[in-house]
Amino acid sequence: MVLDCAIIGGGPAGLTAGLYATRGGLENVVMFEKGMPGGQITQSSEIENYPGVTGEISGMDLMMPWPEQCQKFGLKHEMVQVTRVSKDGDIFKIHKEDGTYAEAHSVIVCTGSSPRRAGFAGEDELFGRGVSTCATCDGFFYKGKEVAVIGGGDTALEEALYLAKICSKVYLIHRRDTFRSAPNTIKRVEKTENIELVLNTTPEEVYGDSMGVVGIRVKNANGEIRDIKAPGVFVFVGNDVNNQTLIQEDGTFLCDVNKQGEIIVDISMKTSIDGLFAAGDMRIAAPKQVVSAAGDGAVAALQAIPYVDELLNH
């Protein structure tokens with residue numbers, strides 16, 4: 001049996017794609033997700049910026065009803081790791097970790113991206129309890145407080161500027177004395193009074209108590225240790241796109257990607273391959289927000305429906 005649509009990944013983009021694809025009339029839609037559906041957001045301790053959701057709610061609580069809603073319209077969930085997606089003629093082949101494969105007329109890939117960790121002591125232990133990789137998600141919790149930002153690229157500087165509007169002070173910690181960012185962004189950072197540049201400095205250890213992060217110890221080029229008291233530490237040292245499923249046996253990608261490995265899509269989430277769509281954090285210019293990923297999933301599914309209909313009725 002050839003599936004109408006195979007969805008790879010079970011975060012907000014994948015689940016929404018499944019909801020729209022099944023409710024829109026596609027049959028035999030399977031979401032392949034190696035673990036429980038929900039995605040990265042399930043690790044967030046509190047969500048305040050998802051439209052229509054008020055009061056204190058965790059990422060896990062936010063995502064809990066999504067699978068049930070999707071399955072109500074016929075979405076099937078297969079808990080298996082997909083190793084590769086290939087295409088032969090008009091048929092996609094979904095290669096699974098157990099050596100078997102499924103076939104599909106269309107594919108929506110929503111495998112997301114993973115924020116890189118900087119690798120200092122305490123980072124993993126305090127992640128979600130003061131250590132964050134998303135200023136727009138967690139910045140508000142530090143309103144009027146001091147925070148530290150680690151990184152020197154565009155994202156780090158832009159997030160530092162965002163946090164400077166909310167927090168009393170932002171310590172921007174960078175291992176070099178120059179930034180890998182747009183000149184205009186650097187100028188804005190340098191002119192922002194409540195951003196302190198902590199350059200030629202690397203994080204040594206973030207520490208805390210039962211309530212979360214208390215501060216971070218950093219070391220400068222001379223070996224001197226500085227203790228910065230800040231309840232929030234934001235790490236922006238890049239993202240790794242989870243694009244492995246699109247790498248073919250010869251090492252090339254099934255569709256076009258940019259230098260960062262992000263999937264190139266148009267406004268309709270279409271890739272360079274007919275019938276293949278990409279949604280969520282893995283696509284170019286992704287805002288990396290739950291609401292945006294969900295929107296991407298809906299758009300991709302709404303494009304997959306007419307594609308499959310035309311293919312089968314041609």
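This passage describes side-chain contacts in a predicted model. Local features were taken at pLDDT of at least 70 and side-chain atom pairs only at pLDDT 80 or more, whereas totals for chains, interfaces and linings use all residues. Residues are numbered from 1 along each chain as its sequence is written, and side-chain values use heavy atoms, with hydrogens and water left out.

A search of the whole structure finds 9 salt bridges, a salt bridge being a side-chain nitrogen of Lys or Arg within 4 Å of a carboxyl oxygen of Asp or Glu. Among them, lysine 169 pairs with glutamate 196, with the closest N and O atoms 2.8 Å apart. This pair links distant parts of the chain, from strand 10 (residues 169-173) to strand 11 (residues 195-198), 27 residues apart. Strands (E, at least two residues) and helices (H or I, at least four) are DSSP runs numbered from the N terminus. Glutamate 196 also forms a salt bridge with arginine 226, the closest N and O atoms being 2.9 Å apart. Here strand 11 is joined to strand 14 (residues 225-229), and the partners are 30 residues apart.

Arginine 226, at 34%, is partly exposed. Buried means under 20% relative accessible area, exposed over 50%, and partly exposed in between (1.4 Å probe, protein chains only). Aspartate 227, partly exposed at 36%, meets lysine 229 in a salt bridge (3.1 Å, N to O).

The structure holds 3 aromatic pairs. Tyrosine 142 and phenylalanine 234 form an edge-to-face pair, 5.8 Å centre to centre with 85° between the planes. Tyrosine 142 is in the loop between helix 4 (135-138) and strand 9 (146-150), and phenylalanine 234 is in strand 15 (residues 232-235), 92 residues apart. Both residues of this pair, tyrosine 142 and phenylalanine 234, are buried. Ring pairs link Tyr142, Phe234 and Phe236 into a cluster. Rings of Phe, Tyr and Trp (its six-membered ring) pair if their centres lie within 6.5 Å; planes under 30 degrees apart count as stacked, over 60 as edge-to-face and the rest as tilted.

Histidine 105, in strand 6 (residues 101-109), is buried at 12% relative accessible area. Beyond its neighbours within four places in sequence, histidine 105 has contacts (heavy atoms within 4.5 Å) that include Leu3, Phe92 and Tyr307.
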